[in-house]
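Me: I have a new model open and would like to learn how to read it. Could you take me through some of its features, one at a time?

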Amino acid sequence: MKFFIDTANLEEIKEAYELGVLDGVTTNPSLMAKEGISGEDKVRDHYKAICDIVDDKVSAEVIATDFDGMIKEGKALAKIDDKIVVKIPMIKDGIKAIKYFSSEGIRTNCTLVFSAGQAILAAKAGASYLSPFIGRLDDIAFDGLDLIAQIVHIYQNYGFETEVLAASVRHTMHLVKCAELGADVVTCPLKVITGLLNHPLTDKGLAQFLADHAKANK
Ligand code: E4P
């Protein structure tokens, strides 16, 4: 299972990378705006700065929603660094763009996926990654994890090579359940990754070990 961090914050990306478990980064226009990154040059420089931290797979999202615009923007994003994966929304022209990039050998991440039907379309078009948004489905009282299970099952039925990238992951149990269900990748905030460290019995046990060691070595 791969871990991607879902942020455009360089410090958080560095912290996750230094932990030694990070496989990539996903960003979106909202996350870039949250870091105050705007304007073509600054956006490009910021993606480059992210690519310089991690080993591979940095999703950078197009803003255009028409085919020609997505191709132009996606090509420019892919030129920033070999690590870039072009993130394309699940819309009609997006599917055409994914097909185009797939034939050009440019990796894509199909984003804003909320149904199994959309997942089938993206895989048929040759998306490298598929991002179903678990948390946002949970927010409207649909079970996001059910969708992950359904897509993993369908992709296994046909041997689709598209990797299931569980997105909008809000807490550690989302991540653990995605692992049980066979998602290829999860993307989540840093706190979800570091949250996996926590167990009160670990803290209690370590305190006891250190106290016993101190007593025996007075
Ligand atoms: C996916 O790539 C998105 O950036 C992200 O996971 C959205 O998560 P949110 O619903 O917490 O904003």
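Me: Let's begin with the ligand. Which residues are around the ligand?

Reply: Keep in mind that this is a predicted model. A residue is listed as near a molecule when one of its heavy atoms lies within 4 Å of it. Here the residues around the ligand are D6, T26, N28, K87, F133, R136, A167, S168 and R170.

Me: Which side chains have an N or O atom 2.7 Å from an oxygen atom of the ligand?

Reply: For polar contacts, look for pairs of N or O atoms within 3.5 Å. The side chain of N28 has such an atom 2.7 Å from a ligand oxygen. The side chain of R136 also places an N or O atom 2.7 Å from an oxygen of the ligand, and for the side chain of S168 the distance to a ligand oxygen is 2.7 Å. As for cover, the ligand on its own has 340 Å² of accessible area, and the protein covers 85% of that.

Me: What is the phi of K57, and where is its place?

Reply: K57 is a residue other than glycine, and its phi is positive, near 60°. K57 sits in the loop between helix 3 (40-53) and strand 3 (58-61). Its relative accessible area is 15%, so K57 is buried.

Me: Now to T7. Where does T7 lie, and what does it touch?

Reply: T7 is in the loop between strand 1 (2-6) and helix 1. Leaving out residues up to four places away in sequence, T7 touches E12, I13, V25, T26, T27 and L31. One of these, T26, is also among the residues around the ligand. A polar atom of the T7 side chain lies 2.9 Å from the backbone nitrogen of N9. With a relative accessible area of 5%, T7 is buried.

Me: And L10: is it buried, partly exposed or exposed?

Reply: L10 has 25% relative accessibility, so it counts as partly exposed. Its place is in helix 1 (residues 10-19). Beyond its neighbours within four places in sequence, L10 is in contact with H46, A49, I50 and I53.

Me: Stepping back, how many helices and strands does the protein chain have?

Reply: The protein chain has eleven helices and eight strands. Its C-alpha atoms fill a box of roughly 75 × 40 × 30 Å along the principal axes. Of its 218 residues, 45% are buried. Among contacts between residues at least 6 apart in sequence, 56% join residues at least 24 apart.

Me: What about the surface and the charges?

Reply: The accessible surface of the protein chain is about 11,400 Å², with 54% belonging to carbon and sulfur atoms.

Key: Residues numbered from 1 in each chain as written. Predicted model: local features only at pLDDT ≥ 70, side-chain atom pairs only at ≥ 80, totals over all residues. Heavy atoms only, no water. Helix = DSSP H or I, 4+ residues; strand = E, 2+ residues; numbered from the N terminus. Buried < 20%, exposed > 50% of the residue type's maximum accessible area, 1.4 Å probe, protein only. Contact = heavy atoms within 4.5 Å. Areas by Shrake-Rupley, 256 points an atom, 1.4 Å probe, with all protein chains shown as cover. Polar contact = N/O pair within 3.5 Å; in protein donor to acceptor, adjacent residues only side chain to side chain.
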